[in-house]
Amino acid sequence: MSHKININTISIGFSAYPSLFRFFTVDTLDQVLTEVIPIHGRGNFPTLEIKPKDIIHVVRDRLILKKIKVRDVRLNGSTASHVLVKENGTSYKDLDIIFGVELPKPEDFQIIKEVVLGCLLDFLPKGVNKDKITALTMKEAYVQKMVKVFTEHDRWSLISLSNNSGKNVELKFVNSLRRQFEFSVDSFQIILDSMLQSYLDPIRPSKELPCITVLAESMYGDFKQAMDHLRYRLIATRNPEEIRGGGLLKYSNLLVRDFKPACETEIKTLERYMCSRFFIDFPDVNEQQRKIESYLRNHFIGEEKSKYDYLMTLRRVVNESTVCLMGHERRQTLNMITILALKVLGEQNIIPNANNVTCYYQPAPYMTDHNFSNYYISNGQSPLIYHPYPLHIHMKKTWLGLFLS
């Protein structure tokens with residue numbers, strides 16, 4: 001049976017927008033919180049089987065025991081979007097959980113780290129001897145990445161638990177964070193406290209869904225408009241100059257997933273902002289390559305065939321909207337993205353139709369040297385290192401022309 005829950009939407013920091021009410025069924029939220037997610041260990045370490053509601057309860061309770069004040073717990077980003085509008089095919093990978101906490105001093109970050117790693121010990125399978133397993137060992141075995149930020153305006157930390165299929169459990173502990181979203185469709189947060197409390201109710205049968213009030217919030221500000229953007233797969237944001245460099249990669253991902261700009265005229269300004277910020281945050285072409293490759297690894301697991309379309313979409317945006325680079329810098333970035341795209345095709349053993357490929361080249365001067373030894377590229381998986389040789393790409397929808405000089 002499907003129960004309705006009342007979503008009382010509040011807008012913190014956007015007083016011009018009224019509070020709204022939204023109804024949706026609790027089924028999807030319950031499925032997200034009770035699904036067993038494997039946390040894969042490195043080497044011989046066993047896989048941990050974790051339900052989000054369980055690790056949230058354990059971490060929150062131990063933070064409180066350690067005198068860390070927990071304001072609330074929220075489901076964030078694409079997972080919250082999936083719960084709110086499941087019918088349009090919105091999917092999610094990372095499970096993004098935000099603990100609203102008070103972090104008055106840097107030493108509190110160490111307490112949070114020790115609490116999370118200590119909680120992971122509780123999820124080790126029965127029969128595992130935990131006596132000699134240290135926090136450092138658990139970190140090396142199960143944590144994909146850790147981030148700590150302690151500045152005047154931003155004070156938060158992130159502990160990401162590894163999942164081989166890309167469904168990492170992201171535990172974020174936020175005292176303050178100036179920008180909590182990139183686009184309206186990923187601006188939603190569902191406050192979980194009442195739902196979590198319902199799981200502790202000893203009277204409620206375990207298989208019965210609760211009938212409770214749950215709060216949801218759009219950090220975008222206008223909840224109704226953000227919901228329309230999500231429902232109709234539209235791209236919009238506020239204050240685009242605040243979006244960090246990774247916003248360009250997220251934007252290209254939305255385009256590949258058939259999201260469309262909410263406003264064609266405004267989107268060009270947005271693209272220029274995002275391109276400029278990307279090159280500010282990642283000025284070196286090798287840094288750019290590492291960031292893009294990392295994004296592909298984390299967001300396209302099981303979607304290998306989409307990587308090429310993504311890279312070509314990213315290339316088009318950079319080509320059309322970059323205004324902050326000198327000509328040769330821009331060409332280096334475009335060539336690097338193209339080489340990554342060609343590498344993706346090679347990894348998938350996709351051989352282009354020769355009827356649609358035209359290659360022009362001019363041998364370099366040293367090729368006339370009879371003592372020059374040519375080289376070959378092996379089939380091994382050695383890392384691709386970009387070298388900024390001149391490579392000019394002309395693209396159309398159905399064919400790729402390579403102009404190599």
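Which residues does L192 touch, not counting residues up to four places away in sequence? L29, L33, I56, V73, R74, L75 and I97. Touching, or contact, means heavy atoms within 4.5 Å.

Before going on, a word on the model. It is predicted, so local features need pLDDT of at least 70 and side-chain atom pairs count only at pLDDT 80 or more, while totals for chains, interfaces and linings use all residues. Residues are numbered from 1 along each chain as its sequence is written, and side-chain values use heavy atoms, with hydrogens and water left out.

Now the overall picture. The protein chain has 12 helices and 16 strands. Both are DSSP runs, numbered from the N terminus: helices are H or I with at least four residues, strands are E with at least two. The chain has 405 residues, and 45% of them count as buried. Buried means under 20% relative accessible area, exposed means over 50%, and partly exposed is in between, with a 1.4 Å probe and protein chains only. Take the contacts between residues at least 6 apart in sequence. Of these, 69% join residues at least 24 apart.

Back to L192, and to the core. In soluble globular proteins, nonpolar side chains tend to be buried together. A nonpolar core here is a set of buried Ala, Val, Leu, Ile, Met, Phe, Trp, Tyr and Cys residues joined through side-chain atoms within 4.5 Å. The largest one has 99 residues. L192 is among those with the most contacts inside it, along with L63, F99, F173, I190 and I292. Helix 4, residues 107–122, gives the most to this core: 8 residues. Where does the core lie? Domain 1 (21–232) and domain 2 (234–362) both give residues to it, so it lies between them. Those domain bounds come from an automatic or database domain assignment. There is also a second, separate core of 5 residues, including I98, W156, L158 and L177.

Next, helix packing. Axes are lines fitted to C-alpha atoms, for helices over the stretch in contact, and angles run from 0 to 180 degrees between N-to-C directions. Under 35 degrees counts as roughly parallel, over 145 as roughly antiparallel, 65 to 115 as roughly perpendicular, and the rest as oblique.

Start with helix 4 again. Helix 4 and helix 5 (residues 135–142) pack at about 75°, with axes 9 Å apart. That makes the two helices roughly perpendicular. Helix 4 brings K113, L117, L120 and L121 to the contact; helix 5 brings A135, M138, K139 and Y142. By class, that is 6 nonpolar, no polar and 2 charged residues. Nonpolar means Ala, Val, Leu, Ile, Met, Phe, Trp, Tyr, Cys and Pro; charged means Asp, Glu, Lys and Arg; the others, Gly among them, are polar.

Now helix 11 (residues 306–321) and helix 12 (residues 327–347). Their axes come within 9 Å and cross at roughly 170°. That makes helix 11 roughly antiparallel to helix 12. The contact includes L311 and L314 of helix 11, and I337 and L340 of helix 12. It has 11 nonpolar, 3 polar and 3 charged residues.

On to a pair of buried residues. V32 is found in helix 1, residues 27–34, and T79 in helix 3, residues 77–84. V32 is buried, at 3% relative accessibility. T79 is buried too, at 0%. Leaving out residues up to four places away, V32 touches P52, L75, T79, H82, V83, Y92 and L95. With the same exclusion, T79 touches V32, Y92, D94, L95 and D96. T79 and S91 are 12 residues apart in sequence, and their C-alpha atoms are 7.5 Å apart.

What about the surface? K148 sits in strand 7, residues 143–150. K148 is exposed, with a relative accessible area of 60%. Beyond its neighbours within four places in sequence, K148 is in contact with F109, W156 and S157.

Last, two backbone points. Most residues other than glycine have a negative phi. K67 has a positive phi of about 70°, although it is not a glycine. K67 lies in the loop between helix 2 (52–65) and strand 5 (70–76), and is exposed at 75% relative accessible area. N239 also has a positive phi, about 45°, and is not a glycine. Its loop runs between strand 12 (234–235) and helix 8 (247–256). Is N239 buried, exposed or in between? N239 is partly exposed, at 39%.
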